[in-house]
Structures are given as structure tokens and as C-alpha cells.
Amino acid sequence: MANPLYDTLFGRHAGQTAPFLHLSDGSTLSYDAFLRLTAQYAHTFRDAGLAPGDRLAAQIEKSPQALAVYAACVQAGIVFLPLNTGYTADELEYFVTDSGARLLLCDGAKADALAPVAKSAKASLMTLNADGSGSLPDAAKDQPETFETTARGGDDLAAFLYTSGTTGRSKGAMLTQTNLLSNAETLVDYWAFTEKDVLLHALPIFHTHGLFVATNVILLAGAAMIFLPKFDQDKVIETLPRATTMMGVPTFYTRLLDDPRFDRALTGHMRLFISGSAPLLAETHVAFEERTGHRILERYGMTETNMNTSNPYEGERRAGTVGFPLPGVELKITDPDTGKTLPQGEIGLIEVRGPNVFKGYWNMPEKTAEELRSDGFFITGDLGQIDDQGYVQIVGRNKDLIISGGYNIYPKEIELLLDEQPGVLESAVVGVPHPDFGETVVGFLVAQKGETPDLAAIAEAAGTSLARFKHPRKLIVLDELPRNTMGKVQKNILRAEYGDLFKPA
Ligand code: MLC
Ligand code: AMP
């Protein structure tokens with residue numbers, strides 16, 4: 001029976017002894033071994049009561065087994081919901097409850113803390129540790145190594161990826177089989193991936209970039225990955241000579257440029273470096289080419305849309321731009337007030353339409369209607385323009401969003417927490433330039449009359465409820481927040497005034 005995503009990405013590799021993953025300990029996992037493990041997990045999930053369309057929430061470390069969880073969900077028709085490993089139990093509770101997940105899979109070290117979350121959401125709890133041990137592998141080890149793939153259609157859901165919202169409530173972006181497959185097919189072709197490629201994979205696998213862009217492309221091409229648990233500079237330098245391609249967020253490339261070992265000789269054999277998820281500074285692009293002779297290929301995507309645009313593989317990769325709309329993706333620039341398409345060259349909202357665009361936000365029809373037009377165009381919230389040769393340039397955001405090291409942070413979520421703290425009247429959170437993360441979080445507080453907020457206690461409160469990457473790197477008390485005549489906080493003034501906070505001396 002047909003299951004386009006499973007059949008095309010995974011199933012056709014059955015029996016193949018070619019390597020899929022090269023691991024840090026020097027071992028290799030073949031496609032065949034990976035698919036046998038996948039089938040065992042699929043049986044285990046089925047036995048645990050998960051039916052097609054049910055959600056499986058996973059907060060697990062990056063490992064080959066974690067990838068097999070994704071593959072098993074696709075094979076059994078389960079909707080995969082990967083979660084950032086940095087999220088606290090408080091944050092997780094919302095995702096598990098909101099998605100109605102039937103199973104929560106977590107690291108054994110977090111099982112005690114997450115048991116109440118699973119219980120209140122009426123989900124069962126299983127564990128999978130970074131070393132591949134846990135109650136899932138225990139239950140799977142005697143299961144059959146083949147599984148009759150569950151029939152699915154292109155419009156059926158494959159994954160939920162939560163993306164934070166401007167109101168502070170995260171939204172579950174519903175991605176279909178066609179969304180994922182069409183994008184992988186386009187990217188393999190556009191970036192000329194073949195089975196000869198070896199991708200250096202140092203990204204997390206709970207986001208679009210590491211999971212769908214990197215992994216799906218490699219699966220579709222029948223290529224291999226050097227699968228590192230995380231971005232570890234020494235490991236990247238050590239394994240790069242065995243790779244042909246690399247995908248990363250700009251922080252990867254700025255960190256590599258800071259390392260004298262990263263030079264022309266080390267990268268001479270590489271075919272392609274790709275960057276995305278956050279703006280790559282034109283100066284990084286130029287410095288990278290000067291050092292290595294390679295021009296980084298920058299592309300632009302989102303959780304809701306997968307990849308939208310890319311600089312060309314053949315042809316000029318233009319610094320400071322994200323290239324052209326991908327084949328099959330329509331892109332237009334519209335007036336934020338009227339929604340009308342603007343003349344070429346003018347700055348406006350980027351809207352996209354195509355088979356890559358998601359189905360909507362889970363259980364949020366109003367939010368979906370606000371961002372996804374009835375004609376299929378998705379309003380990205382990014383501001384851009386198209387030059388006379390068709391290159392798209394992102395010039396800013398119409399959404400209050402901070403991107404730190406490729407992770408999205410919505411100020412509202414942090415402001416809600418800061419506003420609740422003793423002695424705080426109100427707050428504003430902004431992103432300021434940061435040499436390593438591109439942008440970082442700064443919190444501005446106004447004290448209640450006669451009070452002195454305890455900044456250490458506030459930082460601690462953030463620690464228990466918000467993932468580490470969202471914590472303000474600095475809290476600053478102001479007499480008042482700058483406001484315009486309408487009373488709206490002028491974050492641009494704060495950003496301009498405090499723009500040099502993290503500037504290297
Ligand atoms: C880690 N920390 C971060 C952080 N990552 N803080 C802010 N922003 C981040 N991105 C915290 C750590 O918890 C640690 O806290 C401290 O910062 C320093 O950690 P580090 O050791 O320097 O960080 P490291 O573990 O090396 O991680 C940095 C990183 C990682 C850049 C390698 O964040 C990363 O892999 N980012 C990729 C994100 C990604 O894949 N985004 C794709 C989204 S999809 P402490 O306690 O030590 O102070 C998408 C769509 C698209 O956007 O277009 O692709
Ligand atoms: P996410 O919600 O994590 O998928 O992040 C998507 C957002 O990341 C987009 O809306 C953009 O603001 C940003 N983004 C992704 N790629 C790029 C890029 N190449 N340049 C600038 N911003 C980017």
C-alpha cells in the first residue's frame with residue numbers, strides 16, 4: 001500500500017548495505033540496519049496503542065535511534081512532533097497537552113520530571129537515551145524487523161512543528177507528506193545532491209533545518225551523513241575532510257572562520273556549503289570566500305513552509321540575498337496594510353505559495369486565517385524586496401522575533417514572564433547584535449513605584465520556566481520605556497541605543 005513519504009525517502013533503501021550514517025565513534029550504520037530498527041520501533045508504537053494520525057511527542061537527544069523514531073512514525077502513519085531538547089518541563093507541558101500527543105518519548109534523565117506532564121496530558125511515557133538505550137529500545141528489541149507500511153496520502157499529516165507566536169502561545173504547524181516530499185525533491189535537484197554525497201550534519205534534528213532539509217535531502221539522494229551529536233568545532237574540523245557538503249546556521253560559519261585550522265586546504269575537496277535559518281552577514285560571505293575559495297549558498301525557509309528560496313548552485317551566489325524562489329514556489333512582495341502586490345524593487349511583506357506551504361496551525365483556525373490566505377499564499381512576516389535580476393533580499397521582519405544562533409525566540413513569551421516578577425511594572429524584550437549568535441536577548445524592566453526588582457531572582461525564575469537559549473543575556477532597569485504617541489513601545493529605539501552591548505572590544 002502507498003505511503004509516498006515513507007516509500008520515497010526510506011522504503012526504497014530496504015536491503016541496501018550502503019552507509020547511511022557515519023557516527024562519531026567511527027562506526028557506520030547502513031540503510032538496511034537503519035530500516036530494520038525503524039520497523040521494530042514502528043511495531044512498538046503500534047503495540048503502545050498509537051494509531052495512524054496520532055501524535056508522538058519526542059524530546060530526545062540527537063542519535064541514529066532518534067532518526068529511526070522519525071522514520072517509524074512516517075512508516076506507521078503517526079504524526080511526529082520533535083521538541084527542542086532545551087525546553088523545560090513547563091514548556092513541554094503545553095506542547096504535549098495542546099497536541100493531544102498519545103506518547104511522550106524523552107531522555108531517561110528527564111523521565112521523573114516529565115512523568116507528571118505525561119500523566120496530566122493522558123499520554124504514555126517511554127524513554128530513549130542518547131546512547132540508544134531506554135524503555136523504547138528495550139521494548140523494540142524482540143520486535144520483527146519488517147513492518148507493513150501504513151497507507152497514507154500526500155495530504156495526510158507527517159509532522160507537527162511548534163513555532164512560537166507573537167502572542168506568546170506556540171502554534172503547531174501541521175506539515176503534510178506532500179509538504180515534506182515536494183521540498184526534498186526540489187532541493188535534491190536544485191543543489192545537485194547524488195548518492196556520492198556525504199553531508200556533515202552538526203545541526204539539531206528537532207527543527208526543519210536539521211530534520212527535513214538536511215536529512216530528507218540525504219535520504220532522497222541515497223547519500224550518507226557524518227552524523228555529529230551537535231556542533232563541536234574540533235569534530236567538525238576533524239571530519240570535514242570526509243564530507244562533500246555541509247549545511248549550517250550562520251553561527252557555524254562564523255565560528256569556523258574564527259579557527260585558523262579552517263582554511264583552503266581543509267575545504268578544498270568540498271562541493272557545497274549551505275547556510276540558512278538566520279541572516280548570513282554579507283561580510284561573513286566575503287570572508288568565507290577569501291579564506292576557502294567557496295561561496296556559501298544561502299537559502300531561506302521557515303517551519304511553516306520548508307524552503308522557499310535559494311541562491312543558485314550554478315550561477316552567481318549573491319551575498320546578502322537569499323536567491324530566487326525555488327521551482328514550484330511562487331513568491332510576491334505585498335503591502336503590509338493593503339495586501340496588494342508591490343512593484344518590483346519595493347520593500348514589503350514576503351508571501352509564498354506552493355506545495356511546500358503547510359496546512360495550517362493545529363486547533364487555531366483564526367491564527368491560520370490571519371497568516372494563510374484563502375488563495376494559498378502564506379504571509380511569512382519577513383520583509384523583503386526583489387532586485388531587477390530576481391534575487392530576493394530579506395531586509396527585516398514585520399514580526400517581533402529574535403533569531404539567536406538559528407533558534408527563534410518570541411519576545412512576548414519572555415515579557416509575560418518578566419511582567420509577573422515582583423517589583424516589575426512592565427518590560428520590553430529586544431534582540432541586539434551578538435558576535436556569536438547573530439542576535440541575543442536583552443530584557444528591559446521598569447520598576448513598580450518605590451520597588452527595586454531583584455535581577456538575580458528574576459534570572460533564576462527565567463531559568464526554571466524557559467529554555468536556556470531564551471534567557472535574557474542582560475537585564476536592564478529603565479525609568480520608562482520609550483513609547484510613540486500611540487503609546488506603543490518603540491523597540492527600535494532600544495535596539496539602536498543598546499546595539500553595542502555585545503560588540504567585541
Ligand atoms: C545554545 N545556547 C544558546 C544557543 N545555543 N543561547 C542562545 N542561542 C542559541 N542558539 C546556550 C547554551 O545553552 C549555553 O548556555 C550557552 O548558550 C553557550 O552554549 P554553546 O556551547 O556556545 O552553544 P552550543 O551548544 O555550541 O550551541 C550553539 C549552536 C546551536 C549555534 C551550535 O544553538 C545550534 O546548533 N543552533 C542551530 C539551530 C537550528 O538548527 N535552527 C534551525 C531552525 S529551522 P550556558 O548555560 O552555558 O550559558 C529554521 C527554518 C530554516 O529556522 O530556514 O532553516
Ligand atoms: P523558523 O520559524 O524557526 O522556521 O524560522 C523562520 C525564520 O527564520 C524566517 O521567517 C526568517 O525570518 C528566518 N530565516 C530563515 N532563513 C533565513 C535567511 N537565509 N536569512 C534571513 N532570515 C532567515
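Start by selecting ligand 2 and Arg299: a nitrogen atom of the ligand sits 2.8 Å from a polar backbone atom of that residue. That pair is a polar contact, meaning two N or O atoms within 3.5 Å; inside the protein, one must be able to donate a hydrogen and the other to accept it, and residues adjacent in sequence count only if both atoms are side-chain atoms. Before you go on, note that this is a predicted model, where local features need pLDDT of at least 70 and side-chain atom pairs count only at pLDDT 80 or more, while totals for chains, interfaces and linings use all residues. Residues are numbered from 1 along each chain as its sequence is written, chains are lettered from A and ligands numbered from 1 in the order in which they are written, and side-chain values use heavy atoms, with hydrogens and water left out.

Then try Asn408: one of its polar side-chain atoms is 2.7 Å from an oxygen atom of ligand 2. How much of ligand 2 does the protein cover? It covers 92% of the 500 Å² of accessible area that the ligand has on its own (Shrake-Rupley method, 1.4 Å probe; for residues, only the protein chains shown count as cover).

Strands here are DSSP runs of at least two residues (E) and helices runs of at least four (H or I), numbered from the N terminus.

Hop over to ligand 1. It has 23 residues around it, and Arg255, Ser277, Arg299, Ser404 and Arg468 are the closest. Helix H10 (250–257) and E13 each give at least two residues to this shell. Zoom in on Gly405, with a polar backbone atom 2.9 Å from a nitrogen atom of ligand 1, and on Lys230, with a polar side-chain atom 3.2 Å from an oxygen atom of ligand 1. The protein covers 76% of the 1000 Å² of accessible area that ligand 1 has on its own.

Last stop: colour domain 1 (4–153) and domain 2 (401–498), as given by the domain assignment, which is automatic or from a database. Their C-alpha centres lie 36 Å apart. Six residues from domain 1 and ten from domain 2 make the contact (heavy atoms within 4.5 Å).

Conventions: Near = heavy atom within 4 Å.
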